[in-house]
Amino acid sequence: MNHVFGPVHSRRLGRSLGIDPVHDKTCTLDCVYCQLGATATQTRTRRAYVPADAVAAEVRQVIDTGQPIDCITFSGTGEPTLNSDLGRMISGIKAITAVPVAVITNSTLLHLPEVRADLLQADLVIPSVNAVSAEVFARLCRPLPGFDLSVMLRGIELFSRSYTGRLWVEVMLVRGVNDAFEEIRELARFLERVACEKIQINTVTRPPAEKSCAAVSDSVLESACVFLGPRAEIIGSFAGPSAALPGSDPSARILALVRSHPCTLEQVCESCGLDRPRARAALQELLSRGTLETADHGSRIFYRASGR
Ligand code: SF4
């Protein structure tokens, strides 16, 4: 499998089969909190980074195994809407299966009518909105020169009005960057104009691109939740029972998992259905092969794909 990974268990999405339609950390942004590390290719150019037919073939292969899947999720190692064939991929998957399709996006291309049209076909869209003031957004997400935040915000608003699927806005809070009262108040004002079902508040729970980047406290998360109103909820890191491909060896399960979600030993055990000795042995083997590396975050050790 080159473009499809998992399924992995996600608290928000259940057993989620991931699709990576861009690869190699190709993104419009270079967020300080990114769990995938520094952006390798920062671009606004939409193109067919990954062929739609190849994605559909891999999804079909997993569906044919008959294992339970709750959601097919475009996320992976970059910004999914950069793939100009996203709409074709979604419709191709919908022709194969009735499993709902979700897209997690950083919202930067939502001002483009063709991107909004692609996303209209998804059952669930999760766009990020982390700040509404240009200076804060620039410090947090480091967009390319010429980026206009007001255009992005308008795109989110427009999309929310035309979209009939489920829309959950995600807000990532980083200590000392976008957690000020004024910023959250302005964000709440903006989100009043966005027709979404949920506002999910997150913080830095995995090793970030910039070591100085830290999580906000529980009390800040709770205050933000109150500010953002009844649609808001605090989300944690994923955890849950095994949803790994049956028959795959422990190393393959772990690799599928940590490719887009750096994990602690406990999270690897939970999500891959492995006991600690087996998980440890597989992690050691992957570390010695150089496929995985470790990263410290908040006094915990995370395992992630090498080179992040
Ligand atoms: S957090 Fe998302 S939007 Fe930001 S750099 Fe990483 S992949 Fe891109």
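Biologist: Where is I201 found?
Modeller: I201 is in strand β9, residues 198-203. Keep in mind that this is a predicted model.

Biologist: Is I201 buried or exposed?
Modeller: Buried, because its relative accessible area is 0% and the cut-off for buried is under 20%.

Biologist: What is I201 in contact with, leaving aside neighbours within four places in sequence?
Modeller: I201 is in contact with V171, L173, L221, A224, C225, L228, A232, E233, I234 and I235.

Biologist: And how are I201 and E222 placed?
Modeller: They are 21 residues apart along the chain. Their C-alpha atoms are separated by 9.2 Å.

Biologist: Which strand does Q200 lie in?
Modeller: Q200 lies in β9. Q200 is buried, with a relative accessible area of 1%.

Biologist: What does Q200 touch, not counting residues up to four places away?
Modeller: R12, W168, V169, E170, V171, E233 and I235.

Biologist: V169 is on that list. Where is V169 found?
Modeller: V169 is in strand β8, residues 166-173. V169 is buried too, at 0% relative accessible area.

Biologist: Which residues is V169 in contact with, neighbours within four places aside?
Modeller: P127, V129, L191, V194, C196, K198, I199 and Q200.

Biologist: How far apart in space are V169 and T77?
Modeller: 19 Å, C-alpha to C-alpha. In sequence they are 92 residues apart.

Biologist: Switching to the core. Which members of the largest nonpolar core touch the most other members?
Modeller: Y33, F74 and L191. That core has 71 residues.

Biologist: Tell me about L283. Where does L283 lie?
Modeller: In helix α10, residues 276-289. L283 counts as buried, at 2% relative accessibility.

Biologist: And what is L283 in contact with, leaving aside neighbours within four places?
Modeller: I254, L265, L292 and Y303. As for C263, the C-alpha atoms of L283 and C263 are separated by 11 Å, and the two are 20 residues apart along the chain.

Biologist: Back to Y33. What does Y33 touch, not counting residues up to four places away?
Modeller: Y33 touches N130, L140, C141, M172, V174, V204, P208, A209 and C213. Y33 is also one of the residues around the ligand.

Biologist: Which other residues are around the ligand?
Modeller: K25, C27, L29, D30, C31, C34, T39 and N106.

Biologist: How does that shell divide into nonpolar, polar and charged?
Modeller: Five nonpolar, two polar and two charged.

Biologist: What sort of space does the ligand take?
Modeller: The ligand takes the space of the largest cavity.

Biologist: K25 is in that shell. What is phi of K25 near?
Modeller: Near 50 degrees. That is a positive value in a residue other than glycine.

Biologist: Where does K25 sit, then?
Modeller: In the loop between β2 (14-19) and β3 (26-27). K25 is buried, with a relative accessible area of 4%.

Biologist: What about phi of S107?
Modeller: S107 is also a residue other than glycine, and its phi is positive, near 80 degrees. S107 is found in the loop between β6 (101-105) and α3 (113-120). At 0% relative accessibility, S107 counts as buried.

Biologist: On to peptide bonds. Is the bond from G6 to P7 cis or trans?
Modeller: Cis, with omega near 10 degrees. P7 lies in strand β1, residues 4-10.

Biologist: Last one. Where is V62 placed?
Modeller: In helix α1, residues 52-63. V62 is buried, with a relative accessible area of 2%.

Biologist: How far apart are V62 and G165 in space?
Modeller: 25 Å, C-alpha to C-alpha. They are 103 residues apart in sequence.

Technical notes
Residues are numbered from 1 along each chain as its sequence is written. This is a predicted model: local features need pLDDT of at least 70, side-chain atom pairs count only at pLDDT 80 or more; totals for chains, interfaces and linings use all residues. Side-chain values use heavy atoms; hydrogens and water are left out. A residue is near a molecule or strand if one of its heavy atoms lies within 4 Å of it. On a 1 Å grid over the protein atoms alone, a cavity is a set of points where a 1.4 Å probe fits but cannot get out, and a pocket is an open set with protein on both sides within 12 Å along at least five of seven lines; lining residues have an atom within 4 Å of a point. A molecule sits in a cavity or pocket if more than half of its atoms lie within 2 Å of its grid points. Ala, Val, Leu, Ile, Met, Phe, Trp, Tyr, Cys and Pro count as nonpolar, Asp, Glu, Lys and Arg as charged, and the others, Gly among them, as polar. A nonpolar core is a set of buried Ala, Val, Leu, Ile, Met, Phe, Trp, Tyr and Cys residues joined through side-chain atoms within 4.5 Å. Buried means under 20% relative accessible area, exposed over 50%, partly exposed in between (1.4 Å probe, protein chains only). Contact means heavy atoms within 4.5 Å. Helices (H or I, at least four residues) and strands (E, at least two) are DSSP runs, numbered from the N terminus.
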